[in-house]
Amino acid sequence: MEAKPCIDSLAVKNSHVLPPDTNSHGTLFGGKLMAYIDDVAAIASVRHARKPVVTASTDSVDFLQPVFEGDTICLEAFVTWTHNTSMEVFVKAITENLLTGERKVCTTAFLSMVAVDENNQPSPVPPVYPETEQEKWLHEGAGKRREQRNLRRKESKELAKLFGTGLPWKRD
């Protein structure tokens with residue numbers, strides 16, 4: 001497979017923050033923002049792989065600034081790194097006060113997406129290469145983030161096994 005530059009996967013999503021999107025503080029629901037993040041990451045990864053994808057993990061979602069009702073939210077995502085069937089996607093969200101023009105980075109996140117075939121089995125993806133200094137910085141740190149992801153996944157599996165599927169109100 002021929003390698004592609006990071007920019008080829010760039011996906012941008014804009015949304016106006018309306019009253020149904022907000023909590024009792026007048027700010028965007030965190031879960032709504034997380035859904036936007038997953039959506040734009042999926043678009044970027046499908047654009048790169050040209051195959052269906054599934055979300056394998058979200059490393060972190062750091063809420064850096066509130067997003068207020070009436071603001072817009074603009075999310076940018078692109079593939080920073082690939083490994084066989086998986087892709088790391090970086091997402092940055094910017095909030096903008098439309099009345100003042102003030103813009104702030106409100107959230108950053110890394111997601112792992114896996115390309116799948118017609119049987120929902122992992123499918124190979126093309127390599128990606130960085131061109132800008134920012135893309136190179138993200139690309140160079142991807143291996144370490146992958147190691148951290150794998151460790152966290154192992155711990156999550158241990159937690160799932162420890163806590164199991166039993167009902168908490170039925171103590172044996």
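Predicted model: local features only at pLDDT ≥ 70, side-chain atom pairs only at ≥ 80, totals over all residues.
**View 1. F90 and F110 form a tilted ring pair.** The ring centres of F90 and F110 are 5.2 Å apart and their planes meet at 50°, so the pair is classed as tilted. F110 counts as buried, at 13% relative accessibility. R145 lies over the face of F110, 4.2 Å from the ring centre.

**View 2. F78 and F90 form an edge-to-face ring pair.** The count of aromatic pairs comes to 2. For F78 and F90, the ring centres are 6.1 Å apart and the planes are at 70°; planes over 60 degrees apart count as edge-to-face, so this pair is edge-to-face. Distant parts of the chain are again linked, with F78 in strand β4 and F90 in strand β5, 12 residues apart. F78 has 15% relative accessibility and counts as buried. F78, F90 and F110 form one aromatic cluster.

**View 3. The second largest pocket is lined by residues that include F78 and F90.** About 260 Å³ of space lies in this pocket. Its lining consists of I7, L10, E76, F78, F90, K92, T132, Q134, E135, W137 and L138. By class, these residues divide into 6 nonpolar, 2 polar and 3 charged. At least two lining residues come from each of β4, β5 and α2. The largest contribution is that of α2, with 4 residues.

**View 4. The largest pocket has a volume of about 380 Å³.** It is lined by 17 residues, of which A56, S57, S112, R149 and N150 are the closest to its centre. The elements β3 (53-63), β4 (72-83), β5 (86-96), β6 (103-115) and α2 (133-163) each supply at least two residues of the lining. Here α2 gives the most, with 6 residues. The lining of the largest pocket has 4 nonpolar, 8 polar and 5 charged residues.

Note on methods
Residues numbered from 1 in each chain as written. Heavy atoms only, no water. 1 Å grid on protein atoms, 1.4 Å probe; cavity = no way out; pocket = protein on both sides within 12 Å on 5 of 7 lines; lining within 4 Å. Points joined across faces, edges and corners; volume = space filled by probe spheres on them. Nonpolar A, V, L, I, M, F, W, Y, C, P; charged D, E, K, R; others polar. Phe/Tyr/Trp six-rings, centres within 6.5 Å; stacked < 30°, edge-to-face > 60°. Buried < 20%, exposed > 50% of the residue type's maximum accessible area, 1.4 Å probe, protein only. Lys NZ or Arg CZ within 6 Å of the ring centre and 35° of its normal.
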